[in-house]
Amino acid sequence: MIGRRTLIELLHIAAGLLGAAVIAYGAVWALPHAASPIWEVALGMMAVIVLMGLPPLRLAWRAQRDPALRD
């Protein structure tokens, strides 16, 4: 069973990815001739979002498994 903290961190990552995709889609809509570079940058930023979300996700998962780390 997934813990509440872990689920929240996964939702934060998902929200960041969704937000980046929406912004990229809007940018491509505004500048269709620059679609390729926009999506390249957006995908790079999505990778950064995932990488930045891993440490908090790991801490949340560890707090779920180890009762001494809980509040």
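**Packing and surface**

Guide: Start with the buried side of α1. The buried residues of α1 pack against α2, residues 35-65. Keep in mind that this is a predicted model.

Visitor: Which residues of α1 are buried?

Guide: Thr-6, Ile-13, Ala-20, Ala-24 and Val-28 are buried in α1.

Visitor: How many residues does α1 have, and what does it span?

Guide: α1 has 27 residues. From first C-alpha to last it reaches 39 Å, close to the 39 Å expected at 1.5 Å a residue.

Visitor: Back to packing. What is Ile-13 in contact with, beyond its neighbours within four places in sequence?

Guide: Ile-13 is in contact with Ile-49, Val-50, Gly-53 and Leu-57.

Visitor: Why does Ile-13 count as buried?

Guide: Its relative accessible area is 13%. Buried means under 20%, so Ile-13 qualifies.

Visitor: And Ala-20, buried or exposed?

Guide: Ala-20 is buried, because its relative accessibility is 16% and the cut-off is under 20%.

Visitor: What does Ala-20 touch, leaving out residues up to four places away in sequence?

Guide: Ala-20 touches Met-46 and Ile-49.

Visitor: Where does Leu-43 sit relative to Ala-20?

Guide: The two are 23 residues apart along the chain, and their C-alpha atoms are separated by 8.5 Å.

Visitor: How far apart are Ile-13 and Leu-43?

Guide: C-alpha to C-alpha, 14 Å in space. In sequence, Ile-13 and Leu-43 are 30 residues apart.

Visitor: Next topic. Which residues form the largest nonpolar core?

Guide: That core has 5 residues: Ala-24, Val-28, Ala-34, Ile-38 and Ala-42. At least two of its residues come from α1, and at least two from α2.

Visitor: Now the outside. Which residues form a nonpolar patch on the surface?

Guide: Ile-2, Leu-7, Leu-10 and Leu-11 form one. Together they have about 340 Å² of accessible area.

Visitor: Where is Leu-11? Buried or exposed?

Guide: Leu-11 lies in helix α1, residues 4-30. Leu-11 counts as exposed because its relative accessibility is 52%, and the cut-off for exposed is over 50%.

How values were computed. Residues are numbered from 1 along each chain as its sequence is written. This is a predicted model: local features need pLDDT of at least 70, side-chain atom pairs count only at pLDDT 80 or more; totals for chains, interfaces and linings use all residues. Side-chain values use heavy atoms; hydrogens and water are left out. Patches are made of residues with over 30% relative accessible area and no salt bridge: like charges are joined within 9 Å, nonpolar side chains (Val, Leu, Ile, Met, Phe, Trp, Tyr) within 5 Å. Accessible areas come from the Shrake-Rupley method with a 1.4 Å probe; for residues, only the protein chains shown count as cover. A salt bridge is a side-chain nitrogen of Lys or Arg within 4 Å of a carboxyl oxygen of Asp or Glu. Helices (H or I, at least four residues) and strands (E, at least two) are DSSP runs, numbered from the N terminus. Buried means under 20% relative accessible area, exposed over 50%, partly exposed in between (1.4 Å probe, protein chains only). The expected span of a helix is 1.5 Å times one less than its number of residues. Contact means heavy atoms within 4.5 Å. A nonpolar core is a set of buried Ala, Val, Leu, Ile, Met, Phe, Trp, Tyr and Cys residues joined through side-chain atoms within 4.5 Å.
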